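Here is my note on the model, point by point. Please keep the structure open beside the text.

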Amino acid sequence: MSIVHSILYNNIRDRLKAKAPLVGATILYNSQYLLENEKLERVKERNTVYVEFAETDWENRIRNCQKGLFTIILHVVARTLNDRNTPIFDIVQQVCVALGGYTADVSYQPLKRIREEQNTDHDGMDIWLIHFQTEATDVSTTLPPFEDTDTITTDRDLIINKDLDIDNDQIRTGDGVF
């Protein structure tokens with residue numbers, strides 16, 4: 001993972017906490033609700049958004065700075081044990097409003113929603129997948145700039161001649177003939 005993953009995850013988590021009150025928790029996705037035996041599935045008592053990062057292909061730029069196109073999949077999970085629970089659509093709407101066009105850091109472009117889909121394979125919970133995309137720049141891999149204090153060593157002697165051979169006052173170049 002790059003520093004950009006960390007920045008994106010922390011900014012998404014903080015933004016949802018501030019702007020989506022129906023979201024109880026934001027957690028990095030690690031197949032938490034995709035267990036082999038669905039009877040063992042457990043969902044937190046509160047509505048949860050799991051943040052998944054799809055593969056990112058990096059492109060090198062100047063001085064090893066890298067740019068990548070990120071796809072972030074948000075798994076919005078809501079319990080559906082009874083009719084008193086918040087409908088999944090209200091939670092999804094809050095997430096989309098909070099994150100659509102959002103950026104909090106110069107390292108990535110505003111988030112764009114590119115896809116949504118319902119996951120219907122789970123009893124006792126509603127799951128909605130929202131795909132966002134952004135282009136991000138990772139400067140943590142950038143090569144350090146060449147500083148004036150850096151020196152280059154060589155075994156050759158540098159001879160500097162202070163006398164100029166000016167044979168043409170207009171061009172001011174020397175051919176060595178006086």
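1. Burial terms come first. A residue is buried under 20% relative accessible area, exposed over 50%, and partly exposed in between (1.4 Å probe, protein chains only). W58 is partly exposed because its relative accessibility is 30%.

2. Ground rules. This is a predicted model, so local features need pLDDT of at least 70 and side-chain atom pairs count only at pLDDT 80 or more, while totals for chains, interfaces and linings use all residues. Residues are numbered from 1 along each chain as its sequence is written, and side-chain values use heavy atoms, with hydrogens and water left out.

3. Aromatic pairs. How many aromatic pairs does the structure hold? There are 3. Rings of Phe, Tyr and Trp (its six-membered ring) pair if their centres lie within 6.5 Å; planes under 30 degrees apart are stacked, over 60 edge-to-face, and the rest tilted. W58 and F70 make an edge-to-face pair, 5.4 Å centre to centre with 80° between the planes. This pair links distant parts of the chain: W58 sits in strand β3 (residues 58-60) and F70 in strand β4, 12 residues apart. F70 is buried because its relative accessible area is 0%.

4. A further pair. F89 and W128 are also edge-to-face, at 5.7 Å centre to centre and 75° between the planes. F89 lies in helix α2 and W128 in strand β6, 39 residues apart. F89 is exposed because its relative accessible area is 55%. W128 has 15% relative accessibility, so W128 is buried. Helices (H or I, at least four residues) and strands (E, at least two) are DSSP runs, numbered from the N terminus.

5. Strand pairing. Two strands pair if DSSP finds at least two bridges between them. Strand β1 (residues 25-28) runs parallel to β2, over 4 bridges. There, A25 has T48 of β2 as its bridge partner. β2 and β4 run antiparallel, joined by 6 bridges. E52 is bridged to I73 of β4. β2 is largely enclosed by the rest of the structure, because 5 of its 6 residues are buried.

6. Nonpolar cores. A nonpolar core is a set of buried Ala, Val, Leu, Ile, Met, Phe, Trp, Tyr and Cys residues joined through side-chain atoms within 4.5 Å. Which members of the largest core touch the most other members? Of its 29 residues, they are L74, V76, V95, L99 and I130. α1 (3-19), β2 (48-53), β4, α2 (88-99) and β6 (125-138) each supply at least two residues of this core. The largest share, 7 residues, comes from α2. A second, separate core of 7 residues includes V77, M125, I127 and L129.

7. Q66. This residue is in strand β4 (residues 66-79). Q66 counts as buried because its relative accessibility is 18%. Its side chain joins that of N60 in a polar contact of 2.9 Å. Such a contact is a pair of N or O atoms within 3.5 Å; within protein, one must be able to donate a hydrogen and the other to accept it, and residues adjacent in sequence count only if both atoms are side-chain atoms. Leaving aside neighbours within four places in sequence, Q66 is in contact (heavy atoms within 4.5 Å) with residues including W58, A136 and D138.

8. Cysteines. The structure holds 0 disulfides (cysteine sulfur atoms within 2.5 Å). C65 is buried because its relative accessibility is 14%. C96 is buried because its relative accessible area is 11%.
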